[in-house]
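The sequence and structure come first.

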Amino acid sequence: MKRIAEQKWFLWLTKYWFLFPVTGFLALAAGVFFGYGERSYIAVHDNMDLFLAQFQMLKNTSSFWKHGVDVPFLGGISRDNLPSELSLYSVLYMIFPTYTAYILGILGKILLGMFSFRLLAGELLGDRYMKYRPAVYMTGFAYGIVWFFPAFGFAFASIPLCVYLLIKIYKKAGWQWYAALAVYPLVSYFSYHGLFILGYLVLAVLWLSVREKKPVWRLVAALFVLAAGYVACEYRLFGQMLLGDEVTIRASIVNPSLTAGEILKEIGVVWREGIFHADGVHGKIVLPVCVVYFIVNNVCYIWKKQGKNIFRDPFNLVMAFILFNCVVYGLYDFEPLRSLVERLVPPLQGWQFNRTIFFNPFLWYGALLLVLIRLYDGGIRRVWLANVIVCAAVLAVILTPNRYNDLYATCHNRAYEYFHGTEVDELDYEQFYAQKLFNEAKEAVGYGGEWSAAYGFHPAVLEYNGIATLDGYLGFYAQQYKEDFRRIIAPALERVEATRIYYDEWGARAYLYSGTDLSIVNATKTVYATDRDIYIDAAAFRDLGGKYIFSRFELTNAEEAGLVLISSHRAGDGSCEVYVYRAG
């Protein structure tokens, strides 16, 4: 009986061993993020300096569902420029405190990615799915834990879900699948994925219609249903893009124009490494495995005189799709093609059609799953090899300290603190936003909603703390305001040519810039600034309604710049100081 029990346990473990790394990681992540709470280290770039502050601003002003109102940054921006309320990710921020919502977003993205992957694989594999279940779940888990651009993590993770729904519709046009597809945009994002999904779907409709020698009406209907879903969920974005006549900063953005050699090099780089918003960490394990399998598999086709199979093999088709997305990414920097797109479709001026690259992490892990499935078919030794490969792929994602790997950053920095007895120089979430410090500063000056600006801080810090800002970070606002704000910072731009180019040819970060350094805005306890002067046109600041400047350090030329120091404060742990100046 004991031997039978041991055999049953072994068989169960063989079938469900993947549950241990999955649940173990989720428990670890939840324990770390909720255990340390706001003392966790969270990525700043395009995250704490952008979306988290925007969500907090919407919460502070109760503007999630409002219409016809402005939110208090960049001198007053339409609520329609910020994320839609009809998004599952936005709903988290409506319900929970901002930090809690952010962590739930990370955990939710992992589960969404894993189960979306499982649904798609189950549909494609059919009755064979049970044989490959551990490989499916672990590959989906690896894809789910990839540290995507946090604000759009759901959109990245749910790509397999969209493909699954479209396949269901293609096979059987039940109304429930159309209904599910209609609400799919709740977990997607049109500018990053939706427009491309619709484009890929058009190509699929054309190809299948030719192959079947008749229109594939089910997918044609799906195309319109999905498009309607995006319009409904992101009605604010469509209103701004199609109905607004305001000239935005996209009209003045200067995109790079590369040579043929530079474009080829860029294609190779993104094929090998991806980009930071969608860093799939595939280069360490997934890419080498897929490349080796690609070579061996196709050499075997040639050796067996089965060359036609090279063009039919699903694995090869996925690899070709990856390369296609990389080529499109490179061609975006070919100015004649980019200009042609903008002339043909004017609303897409400044739109980055090279975001095809955002689909590559899903394709890389899909290609890996195909390799694992074929290894599973090769006997017990190859099964174990497949399991080792997918576990290595998971570890590569967990242990790679890329831009958005908040778990690694928190564990590493807290371990450093424990073993060295001192904190790292980087600011954690609580120190970055410094709510207690800014509440003290606001109370000291009697702050009543006056327009302000940040110097040495990201404007997001002020926005998070309920301070209205003339400065800010947004990729879509009025060109006229960009020019008005430029008057304030003209003295700094005149002194640093690189900063002038950065602002004039992009301008999404309307900041108070240094007149000596490329940047003095750092998420560190140490202030890195060559000098402590400020170079602004105080009269232009006042003309835009500005009253206060919240500076990270005491200014040495405040009087000369037309500013008066009225208050200074220091965080209790010494991580940050704020000096409040009044203009004039």
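Lys-305 is exposed, with a relative accessible area of 79%; buried means under 20% relative accessible area, exposed over 50% and partly exposed in between, using a 1.4 Å probe and protein chains only. The model is predicted, so local features need pLDDT of at least 70 and side-chain atom pairs count only at pLDDT 80 or more, while totals for chains, interfaces and linings use all residues. Residues are numbered from 1 along each chain as its sequence is written, and side-chain values use heavy atoms, with hydrogens and water left out.

**Loop residues**

- Lys-305 sits in the loop between helix 15 (286-303) and helix 16 (314-331); helices (H or I, at least four residues) and strands (E, at least two) are DSSP runs, numbered from the N terminus.
- The phi of Lys-305 is positive, near 60°, in a residue other than glycine.
- Leu-74 also has a positive phi, about 55°, and is not a glycine.
- The loop between strand 1 (70-71) and strand 2 (77-78) holds Leu-74, which counts as buried because its relative accessibility is 1%.
- Ser-40 lies between helix 2 (19-36) and helix 3 (44-48), in a loop, and its 0% relative accessibility makes it buried.
- Leaving out residues up to four places away in sequence, Ser-40 touches Val-32, Phe-33, Tyr-99, Thr-410, Asp-428 and Tyr-429; contact means heavy atoms within 4.5 Å.

**Helix 7 and helix 18**

- Helix 7 (residues 133-145) packs with helix 18 (residues 360-376) at an angle of about 160°, their axes 10 Å apart; axes are lines fitted to C-alpha atoms, for helices over the stretch in contact, and angles run from 0 to 180 degrees between N-to-C directions.
- That makes helix 7 roughly antiparallel to helix 18 (under 35 degrees is roughly parallel, over 145 roughly antiparallel, 65 to 115 roughly perpendicular, the rest oblique).
- On the helix 7 side, the contact residues include Pro-134, Val-136 and Tyr-143, and on the helix 18 side they include Phe-362, Leu-369 and Tyr-376.

**Nonpolar core**

- The largest nonpolar core has 192 residues, and Leu-512 and Leu-563 have the most contacts inside it; such a core is a set of buried Ala, Val, Leu, Ile, Met, Phe, Trp, Tyr and Cys residues joined through side-chain atoms within 4.5 Å.
- Helix 6 (residues 98-125) gives this core its largest share, 13 residues.
- Among the residues that Leu-563 touches, not counting those up to four places away in sequence, are Ile-534, Ile-549, Tyr-581 and Arg-582.
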